[in-house]
Structure formats: structure tokens, C-alpha cells
Amino acid sequence: MKKKRKEKRYLAAVLALAGLLSVGAAGCGGGAGTKNAAGGITMESAADTAAAEAPAEAYEEDVYNDAGAVASEEGIEPVAQNGRKLIKTVRLEMQTKEFDVLMEGLRKKIQEMDGYIENSAVWGNSYNYTSTRSSEYTVRVPANRLDEFIEVVGGLGNVTYKSESVEDVTLQYVDVESRQKALETEQTRLLELLEKADNLEDLLTIESRLSEVRYELENFGSQKRLLDNQIEYSTVHLSVTEVERITEVGKKTFFQEIAERFSNSLYNVGMGLREFVIVVVGSLPVLAVWAAVIALVVLVLRRVFYNKNTKNTERKGRWGKKTPEDAGRTPDEKNGGNS
């Protein structure tokens, strides 16, 4: 009987410590304790007893200081610089006169570096003469080959904008790992207790906690896999625009700026005339249709007015026409000889 009570006390202690390990279990101790049917020990009193009787190695929690070091029972263990977990992101904006060549070179380089295209969009044939096609790519490349990729892609076109950002997730990564290991240890001990459980209440309690542990393990596992992917593969946001003239970058002298402004003005005038000719020539079919409609309307109107004028002339001719008898008569005679 004494041995059985001891096992009950140990089970209660492990379950109490499991509550401390669980994420978000801070409010669990406020409820009333559950009485064990065989030993008569409540969960609250078992937690107090476990604090004094549980072995020190039953639970070991890692904490972190502001400098990014890991603290454990053995003391402070600083994280090595080369072991830091960094997420790198690069943003590039480029111009090119050979859009298809750049896109083909980009795809080949991504394949050579064992990277992949996460998102892509291409649109083109704009009415704006300064650009015809554009594209947006989100590329993932191995972090250890990021600099090489940026250098090669930068040589394919004219880079007009570049930004780089680095996010240090070392503490977050170590926190996820430590919680995962603690949950795995708890899961192992719960499985051992499950084999020794000799009543239904203990069996249900252990299985309930085991389900929670497994759910939390899956959650932390997903977080770790996401972090691993972001750390091992850097992200490059690439924007490419096809242009007819490349924008010169870098510092220019006073006379270079004047020459560039003058050249741009001539270019804009020439392109404006070009656009005008393109619009006119391209609109010839529409203009021809409208010209035919207008000509038809004019012909109809002229015909209508011509017929109207002809009728008016004939009518006037009938009213003012002289008979042969009136040809030799004077006005007085036409009026009846009255003077």
C-alpha cells in the first residue's frame, strides 16, 4: 500500500511539473484540485510536495539574457557569432533593354544555385514609350550563395535601387528548440507513466496531457521548420523594367548634368513626334471611316439643298414668265390702259 501511494505521489508530481512546462498554462493553478481516488491526494497538494521531492534533473528551463546568451545550470553559454540564426532579405530594382535575355539568364542562375521562384508576375506592352514590359519576382536562394547571386544578377541589367536587411532570430530559434526538447522529455515520461497506470482516472489524465503535449510539439515543430527555411534560403525581391534608355547612376559634374538634361529634352521631343505619327498612322482606318461618313452626309445635304433651290427657281420662272401677247405691250397697256 505504501509503494502504491508513493507511485501516486510521483505521478501527481510529474503532472504538476508538466503544467509548468506547457505554454500558456499560467492560469491552470487557480482551479480546485482533483482528488485521486486511490491515494486521496489532490493535484494542488501534490504540486507542493513535488517542489520539495522532485529531482533537480526533472526539469531544466533555459533563459536568455539581453546579450543573446543562453543561461543554464552550468552557467552562461554565449552564442557563437558564426552560429547566429540570420534571415536575409534583399530588394533590387533594375532596368534593361533586353528583357527576354535578362529573364532567361535569371532563371538559369536560379537553377544553378538550387534556388526557386516563390512568386512571379510579368506584364507588358504599355502605351508609355518609356517602358514596354515589367516583371516582379520573389526569389529564394541559399543564404551562403546570396552575394554571388546578387553580383551575377546585377551584371545582367542596370541596378537603380538596392536594399539589404538582416533579422537576427537566434533567441527565437533557441527558445523554440528548448521548448521542443522539454516537451519531448515530458512526452517520454508520460508514456512511461501511461504503461504503469492502474486505474481509469490516471489513464484519462495522462492521455489528456499527452494529447496537449503532442499538439504543442507539432506547433513548435512547424515554427522551427519555418525558421529553418527562412534562415537557409534568403529572399530576393526583384523588379525588372524594360526601357529604351538606361538611367545613368552615380554622381555627375555640372556640365554632365547639362548635357544629360539637353539630351533628355531632345529625346522627349523626338519621342513626342514619334508618338504623334504613330497615333495618326495607326488611326487611319478610323479616320477613313469618319471621312466616308462625313462625305456621305455632305453629299446628301448638297443634294437636298440643290433640289430645293431648283424647285424655287422653277416656281419663280412660272410667276414671272411673259406671254407672246404681252411681249409688245407697254406697262400701261398691261395695266388696262389706265394712266
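Which residues form a nonpolar patch on the surface? I found Val286, Val289, Trp290, Val293, Ile294, Val297, Val298, Leu301 and Phe305, with about 870 Å² of accessible area together.

A note on ground rules: this is a predicted model, where local features need pLDDT of at least 70 and side-chain atom pairs count only at pLDDT 80 or more, while totals for chains, interfaces and linings use all residues. Residues are numbered from 1 along each chain as its sequence is written, and side-chain values use heavy atoms, with hydrogens and water left out.

Val289 counts as exposed, at 53% relative accessibility (exposed is over 50%, buried under 20%, partly exposed in between, with a 1.4 Å probe and protein chains only).

Next I looked for aromatic pairs (ring centres within 6.5 Å; planes under 30 degrees apart are stacked, over 60 edge-to-face, the rest tilted) and found one. The ring centres of Tyr116 and Tyr233 are 5.8 Å apart and the planes are at 55 degrees, so I logged the pair as tilted. Tyr116 sits in strand 5 (residues 116-124) and Tyr233 in strand 8 (residues 233-243), so the pair ties together parts 117 residues apart in sequence. Tyr116 is partly exposed at 32%, and Tyr233 is partly exposed at 24%.

Last, I checked Tyr173, one of the buried residues of helix 5. Lys85 lies over the Tyr173 face, 4.8 Å from the ring centre (the rule asks for NZ of Lys or CZ of Arg within 6 Å of the centre and within 35 degrees of the ring normal).

Key. Phe/Tyr/Trp six-rings, centres within 6.5 Å; stacked < 30°, edge-to-face > 60°. Helix = DSSP H or I, 4+ residues; strand = E, 2+ residues; numbered from the N terminus. Patch = residues over 30% accessible without salt bridge, like charges linked within 9 Å, V, L, I, M, F, W, Y side chains within 5 Å. Areas by Shrake-Rupley, 256 points an atom, 1.4 Å probe, with all protein chains shown as cover. Salt bridge = Lys/Arg side-chain N within 4 Å of Asp/Glu carboxyl O.
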